[in-house]
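Q: Please take a close look at one part of this model, the protein surface around one of the DNA strands, and describe it in a connected way.

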Number of protein chains: 2
Amino acid sequence: MSGETLTISDRIQKGLDDLTRAERQLAHSILENYPASGLGPLSALAKDANVSGPTVARMVQKLGFKGYPEFQAELREELKAKVKNPIAKHDTWAEGAPSEHLLNRFTDEVIENIRHTLGQIDPNDFDAACRTCADTNHHLYIVGGRITHTLAEYLFLHMQLIRPKITHVQSTSNAWPHYLLDVEDGDVFVIFDMRRYENNTLKLAEMAHAKGARLILFTDQWRSPVHHLAEISFSSRIVVPSAWDSAVSPLLLLETMISTVQGLTWGDTKDRMEALEDMFDQTKLFRKFT
Amino acid sequence: MSGETLTISDRIQKGLDDLTRAERQLAHSILENYPASGLGPLSALAKDANVSGPTVARMVQKLGFKGYPEFQAELREELKAKVKNPIAKHDTWAEGAPSEHLLNRFTDEVIENIRHTLGQIDPNDFDAACRTCADTNHHLYIVGGRITHTLAEYLFLHMQLIRPKITHVQSTSNAWPHYLLDVEDGDVFVIFDMRRYENNTLKLAEMAHAKGARLILFTDQWRSPVHHLAEISFSSRIVVPSAWDSAVSPLLLLETMISTVQGLTWGDTKDRMEALEDMFDQTKLFRKFT
DNA sequence: TCTTCTTTGTAATAAATCTTTCAGAATTCT
DNA sequence: AGAATTCTGAAAGATTTATTACAAAGAAGA
């Protein structure tokens with residue numbers, strides 16, 4: 001990044017703080033589909049960002065251009081230059097870092113993980129698991145291990161907003177046997193177990209299974225021993241250039257599941273509905289500042 | 001790859017023989033700097049190709065467009081699609097599920113999030129942040145909010161293995177002011193704050209900053225107000241087809257950071273990990289590997 | 001709470017861009 | 001070589017696009 005000219009994208013990001021609300025909205029809209037959106041007519045860009053035309057005109061002047069056409073001209077110059085340059089450079093994720101930089105290597109690997117993980121998933125299993133998690137006739141237990149309890153906690157936090165009858169069990173705590181007392185036939189356990197698989201988790205799974213609970217397992221590509229007991233298992237690829245494993249692919253599955261379950265239970269519990277509406281409103285408020 | 005539309009470039013090349021002299025001149029000019037030259041005003045393109053305006057107008061009509069603006073619109077659409085990283089382009093992630101299935105839509109969006117997030121990262125900032133987190137001369141505090149505390153916890157769990165002098169502060173708890181008592185000049189705070197930004201987190205950040213602490217912030221694309229105080233900020237794109245936001249991109253950054261920090265401190269980490277393995281063996285928490 | 005300053009959008013104005021018409025040039029065909 | 005056809009560009013007209021002026025809304029400060 002030495003003697004290189006700053007791209008418009010860079011300049012916008014740099015000055016993001018000095019912008020007003022409408023201008024920031026616009027800035028994000030430009031960056032969203034950069035540079036395509038800036039190459040269209042001013043009015044289209046304005047509409048896309050939900051701001052008025054003059055706001056666009058003022059913004060490009062703030063960026064140091066005489067007018068919108070001049071701004072577009074530079075965008076086109078940038079584009080020309082980028083297309084001409086050797087491909088390798090913008091084939092990286094973090095532009096400005098060499099492809100050997102860990103940011104790029106790590107991300108490459110994570111994307112591969114996601115591709116493999118999704119490629120191995122049976123959509124029917126997935127849908128079935130979501131329906132099971134959405135079923136409020138039975139209690140839902142969520143179990144994580146030493147590291148995976150963060151994933152479990154993440155699922156729990158969201159499920160808490162979506163449905164009742166839900167418990168977060170920490171297999172690392174020695175209090176977990178108490179939770180099992182109340183388990184009934186048909187109850188559901190979502191269990192996280194990645195290498196190195198934990199004895200406590202396996203024991204817990206066995207006992208839950210013995211009591212007639214149905215098990216949904218999130219594990220890694222080598223599969224926790226729990227998977228013999230599980231009704232449905234999801235294996236994620238988790239290997240990255242690191243001394244530890246990646247939680248990205250399982251998290252992706254998890255978030256998709258949360259979204260699906262919330263879609264399924266839509267309209268159920270009224271209290272939660274209202275809470276959700278409230279959250280939506282707040283989300284919209286945020287949108288305003290986008 | 002079935003119903004894919006031909007690009008304008010393809011169409012021009014295909015029909016190159018049926019064109020007249022002036023049109024062929026023009027065609028070559030368009031392909032010369034594709035697609036940049038086609039995105040400028042008609043007159044500029046005409047001048048560039050040494051043909052008249054009407055020739056351009058007729059040519060785009062010959063290509064099947066109603067007019068030059070429509071031609072440009074399609075060029076921009078092409079550009080939009082092209083900018084998306086080829087690796088990210090994937091018809092369906094979960095084979096066996098239609099592309100409208102949430103598994104595929106969600107993953108598409110997450111990949112886009114990753115692309116945007118990485119695209120906006122300054123590798124120098126990233127490296128600097130990693131060095132700061134690896135520096136054991138100062139205490140490292142990790143702060144998360146209501147939802148983000150899972151990310152904070154994840155970082156904490158790994159950092160714990162990598163380095164000493166580390167504390168996980170929960171801004172949601174009302175005990176956090178106690179932690180601030182011991183903060184010294186030069187201590188480091190890694191703070192997680194995504195929308196909706198939490199007042200507690202901001203207050204905590206302000207107080208830490210006032211005591212001379214250095215702040216590293218993980219936030220979303222709209223940036224928590226904390227970023228005014230932060231030495232280094234990382235903004236992740238977090239929007240997915242869901243009522244909630246995605247934690248995938250920030251997690252990816254986090255894991256990359258963990259890996260980098262552990263690389264920086266390898267000698268120490270090794271000892272710590274061995275000691276830890278010993279302790280785990282004694283508690284028989286994990287199963288033995290086969 | 002009222003004032004002041006900034007920000008933002010509407011509407012009018014100015015400017016440019018695109019399209020069409022038409023006549024001359026080039027090409028083709030007989 | 002001459003006529004018919006096709007191609008091309010200048011100029012005028014039509015349309016779209018960008019800019020400016022101004023007033024209302026909103027934020028900040030007293």
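A: DNA strand D has 17 residues around it, and those that come nearest are A:L42, A:G67, B:T20, B:A22 and B:T55, where a residue is near a strand if one of its heavy atoms lies within 4 Å of it. Of the atoms of DNA strand D that come within 4 Å of the protein, 73% belong to sugar and phosphate. This is a predicted model, in which local features need pLDDT of at least 70 and side-chain atom pairs count only at pLDDT 80 or more, while totals for chains, interfaces and linings use all residues. Residues are numbered from 1 along each chain as its sequence is written, chains are lettered from A and ligands numbered from 1 in the order in which they are written, and side-chain values use heavy atoms, with hydrogens and water left out.

The surface near DNA strand D draws on both chains: α3 (42-49), α4 and α5 (68-84) of chain A, together with α2 (21-32) and α4 of chain B, each supply at least two residues. Helices here are DSSP runs (H or I, at least four residues; strands are E, at least two), numbered from the N terminus. With three residues, α4(B) gives the most to this surface. By class, the surface has eight nonpolar, seven polar and two charged residues, with Ala, Val, Leu, Ile, Met, Phe, Trp, Tyr, Cys and Pro counted as nonpolar, Asp, Glu, Lys and Arg as charged, and the others, Gly among them, as polar.

In chain B, a backbone N or O atom of B:A22, one of the residues that come nearest, lies 2.7 Å from a phosphate oxygen of DNA strand D, and for B:R21 the corresponding distance to a phosphate oxygen is 3.4 Å. From chain A, a polar backbone atom of A:S43 is 3.5 Å from a phosphate oxygen of DNA strand D.

Conventions
A polar contact is a pair of N or O atoms within 3.5 Å; within protein, one must be able to donate a hydrogen and the other to accept it, and residues adjacent in sequence count only if both atoms are side-chain atoms.
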